[in-house]
Amino acid sequence: MANLKGICLVSFCLLFFLTGCWDSIELEERAFIYGIGIDLEETGTNGKPIFRMTNQLIVPSGIGTSAQSGGGDTPAFRNVSQTGRSLADINLHLSEQVNRTLNAQQMEIAIVSQDLAKQPDMLSESLDILIRGQQLRRGIKLVISNGNADELLAVEPEHIKIPTRYLSRLLDTNNSGEAIEPLRIGKVHLNLLTRLSFVIPYLTNIDNQNVLNKGAAAFNGRKGKVTGLLNGKETEALNMILGNLESGSLIIPVGDGQATVEFMNSNSEYKLKKHSNDGLEFNIQLNLTGSISENLSSLDPINNITPFEKNLKKEIKKTVEHVVKRAQEDLKTDIFDLNIYLRGYHYKLWKRIKNDWDSGENIFSKSKINIHVNTKLEHAGNTIKSHKREERK
């Protein structure tokens, strides 16, 4: 009898595990958000901003068997927008336009317009909803848009049906060297907490089918805003300093013509040489490896590589020193991760100067940064010449 009671008790307990999820929502009743765009609609009379948030929702019936194939009359996405003073409140009102429960677990990208990001503290305020949200992943990619963020969510590339997926893969596959690596919300959150400066990928809408991933936006952690933009070549120089350059090219003058060098890899080393009340002095060693992809001079790189390496070193040094000067005098923002270096290797010094590093007294702008370049050309090509120059009579 006792055994029978025990069996009944165990069977009764097991019923709780067989009832399923009482609060579950069926897949067909969810609206999946793949990306969002945040714009500054206007600044109200009381000085408080009015935001516009656009959610890009997936339309499963438009995707068909492949999300990457074109064709079909049914759109694979739907954009819904609302304006307001609070992004959390806007998000609630957006659900009024959608006949399904919004779900952001699959979100890939967040786009913030440069007009908004240039206003003090607005970037951190606009990202608060993404950082706090329990559904949201830390791997969401953040970008700054040249124009309105919602314009990027409306592009219709030929080879892929969903704009946010196109933008996300554009960030992952850029090989020009003139763009920075994708920036994740998790890293942004850490930088915002420590008030460190950093750079953000910058996208430009070319037309209704194409977007350009080129350049970067400099965000000052102490000032809480984007202080300026880097063009493609400046971004390539930044990647050299950070040791992140794994592709890209540079045209160098050599002999009676020019040559094009393609970069293969790079690394860099920082060292604090000295520090005083007038500022700090750093030595940055750049090591770059490349190959000659084009030679339009009469010099033979196979038997005499020295002039090519010498001119390459000179051009790199000039390019890098330009972006250092721009960062110190124009942006007044540490985009080189010197703040991270000081925090990791000279913490006592960093603790004393961090409030005036690239704001206040701006010790960063007063510091001396010495650039040292070491280059190596591993491949000179397969031929001595592909054409013959003749003397003109």
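**Sheet, helices and a cavity**

User: Let's start with strand 14. Which residue does S291 stand opposite there?
Analyst: S291 faces H379 in strand 14. Keep in mind that this is a predicted model.

User: How many bridges join strand 13 to strand 14?
Analyst: Eleven. Strand 13 covers residues 279-295. The two strands run parallel.

User: What order do the strands of that sheet have?
Analyst: The order is 11-12-13-14. It is an open sheet of four strands, and the pairing is mixed.

User: Which strands stand at the edges?
Analyst: Strand 11 (249-254) and strand 14 (368-379) do. Each has a single partner strand, so one side of each has no neighbour in the sheet.

User: And how far are neighbouring strands turned against each other?
Analyst: By 40 degrees on average, with direction ignored.

User: Which strands does helix 10 lie across?
Analyst: Helix 10 (residues 306-331) lies across strand 11, strand 12 (257-276), strand 13 and strand 14. Its direction is at about 145 degrees to strand 14.

User: What about helix 11?
Analyst: Helix 11 (residues 338-345) lies across strand 12, strand 13 and strand 14. It runs at about 40 degrees to strand 12.

User: Back to helix 10. At what angle does helix 9 cross it?
Analyst: At roughly 100 degrees. Helix 9 is residues 232-242, and the two axes come within 9 Å. That angle makes helix 9 roughly perpendicular to helix 10.

User: Which residues make the contact?
Analyst: From helix 9, they are K233, E234, A237, L238, M240 and I241. Helix 10 brings I316, T319, V320, H322, V323, V324 and R326.

User: How do they divide by class?
Analyst: In this contact of helix 9 with helix 10, eight are nonpolar, two polar and three charged.

User: New topic. How do helix 3 and helix 5 pack?
Analyst: Their axes are 9 Å apart, at an angle of about 50 degrees. Helix 3 is residues 87-94 and helix 5 is residues 122-132. The angle makes helix 3 oblique to helix 5.

User: Where do they meet?
Analyst: L87, A88 and N91 in helix 3 meet E125, S126 and I129 in helix 5. By class, that contact has three nonpolar, two polar and one charged residues.

User: Last thing. How many cavities of 30 Å³ or more does a search find?
Analyst: One, in a search of the whole structure. The largest cavity holds about 40 Å³ of space.

User: What lines the largest cavity?
Analyst: T194, R195, L196, S197, R222, N339, W350, K354, W357 and D358. Of the lining residues, three are nonpolar, three polar and four charged.

Definitions and conventions
Residues are numbered from 1 along each chain as its sequence is written. This is a predicted model: local features need pLDDT of at least 70, side-chain atom pairs count only at pLDDT 80 or more; totals for chains, interfaces and linings use all residues. Side-chain values use heavy atoms; hydrogens and water are left out. On a 1 Å grid over the protein atoms alone, a cavity is a set of points where a 1.4 Å probe fits but cannot get out, and a pocket is an open set with protein on both sides within 12 Å along at least five of seven lines; lining residues have an atom within 4 Å of a point. Grid points are joined across faces, edges and corners, and a volume is the space filled by probe spheres set on the points. Ala, Val, Leu, Ile, Met, Phe, Trp, Tyr, Cys and Pro count as nonpolar, Asp, Glu, Lys and Arg as charged, and the others, Gly among them, as polar. Axes are lines fitted to C-alpha atoms, for helices over the stretch in contact, and angles run from 0 to 180 degrees between N-to-C directions. Angles under 35 degrees count as roughly parallel, over 145 as roughly antiparallel, 65 to 115 as roughly perpendicular and the rest as oblique. Contact means heavy atoms within 4.5 Å. Two strands pair if DSSP finds at least two bridges between them.
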